[in-house]
Amino acid sequence: MQTNDEKYMKECIRLALKGCGKVSPNPMVGCVVLDRSGKLVSKGYHKKYGGNHAERDALLKLKNNEAEGGTLYVNLEPCSHYGKTPPCVDLIIERKLKRVVVGMKDVNPKVDGISRLLDAGIDVTTGVLEEDAKFLNRVFIKNMTKKLPYVVLKTATTMDGKIATANGDSKWITSNESRAEVYKMRKNFDCILTSSNTVIADNPKMEHCFKCILDKSGRVSEKSKIFEQGKIYVATKENTPLKNGELDIKSVLKTLYKKGIYSVFVECGGTLAGAFLKENLVDEIYQFIAPKILNDNSGKSCFDGDDVTKISKAKHLKIYETKQIGEDLLIKSLV
Ligand code: AOF
Ligand code: ZN
């Protein structure tokens, strides 16, 4: 049974999602206002980066006294700082709300809205559908707390986890439909990241506005198709520190973050994918699985690594979505 608070918080999250793809690097936020009799009188959401916050959007639709004694629902702690807009808490206090229900506390260190509301004598309930609120803004949380882009790694494998034969043949493991889905997915990220190995082996075009190639020794030719379009940042040993003789991936991600890249879609072979995973730099995996079995243990695996002798040492992911695409299966999981 869901409570009333949960019902309205769900609505906040639904409204927040309307800002998806338009508010980055800000969080997605939705807001619902009930008047003192408990009637839903206004809704709002954060529509675009730099625009009004959800609470302001919802409250400004009401007459000055219409929310007095009422309840405001919002999936993220209302802000208390002057950013691109004035503090939402000031408006909430001014409009004399009686109660504020919050999904999650803001991870932005500038924000301390809950204590401001409590000081003003407003009742505050926090943590309603907190897990859903955190899942919604997982990119924002990663950016704010780690100062790193959110990383999603894509892989396309046979049912026995192979991405190519031993001599590198990989075209194609998954169906046309899956590959079309990948083209669509790329648009949801600020950057596609790949390795020199992939560029040299497959010569992919990887259409996108911003691409990053990890190419320690400058082996990739500028005549490769990937250079035909979009901006490209090539990480080499000249501009990136090394770790165990390889480019330090975390440094590359830090550099990308400083360039305003908040999310990265990694498409590469088993070597780099394995390194990303081992360094705990992957937030999510999108795995396409084709109904094919290579049946050859010399085939290339999707995640290379060293000997692991105990299953208890395996990375344990959390699947949050599965979908059939053409004849393949797409599994999305949190690492
Ligand atoms: C809210 N509601 O709808 C959003 C919030 O630069 P600004 O003024 O847009 O402030 C951005 C910060 O404000 C952002 O990092 C986050 O902490 C908070 N965003 N807060 O109460 C909203 N978008
Ligand atoms: Zn605000």
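This is a predicted model: local features need pLDDT of at least 70, side-chain atom pairs count only at pLDDT 80 or more; totals for chains, interfaces and linings use all residues.
Conventions first. I numbered residues from 1 along each chain as written, with chains lettered from A and ligands numbered from 1 in written order. Local features need pLDDT of at least 70 and side-chain atom pairs 80 or more, while totals for chains, interfaces and linings use all residues; side-chain values use heavy atoms, without hydrogens and water.

Zinc. I looked up the protein donors (N, O and S atoms within 2.8 Å of the metal, or 3.2 Å for Na, K and Ca; water is not among the atoms, so the site may look incomplete). For the zinc ion (ligand 2) they are His53 (ND1), Cys79 (SG) and Cys88 (SG), at 2.0 to 2.2 Å. Their spacing along the chain is H-x25-C-x8-C. Cys79 and Cys88 are both buried (under 20% relative accessible area; exposed is over 50%, partly exposed in between; 1.4 Å probe, protein chains only).

Salt bridges. I took a side-chain nitrogen of Lys or Arg within 4 Å of a carboxyl oxygen of Asp or Glu. The whole structure has 18. In one of them, Arg116 and Asp90 have their closest N and O atoms 2.8 Å apart. This pair joins distant parts of the chain, with Arg116 in helix 4 and Asp90 in helix 3, 26 residues apart. Helices here are DSSP runs of H or I with at least four residues, and strands are E runs of at least two, numbered from the N terminus. Arg116 is partly exposed at 32%, and Asp90 likewise is partly exposed at 27%.
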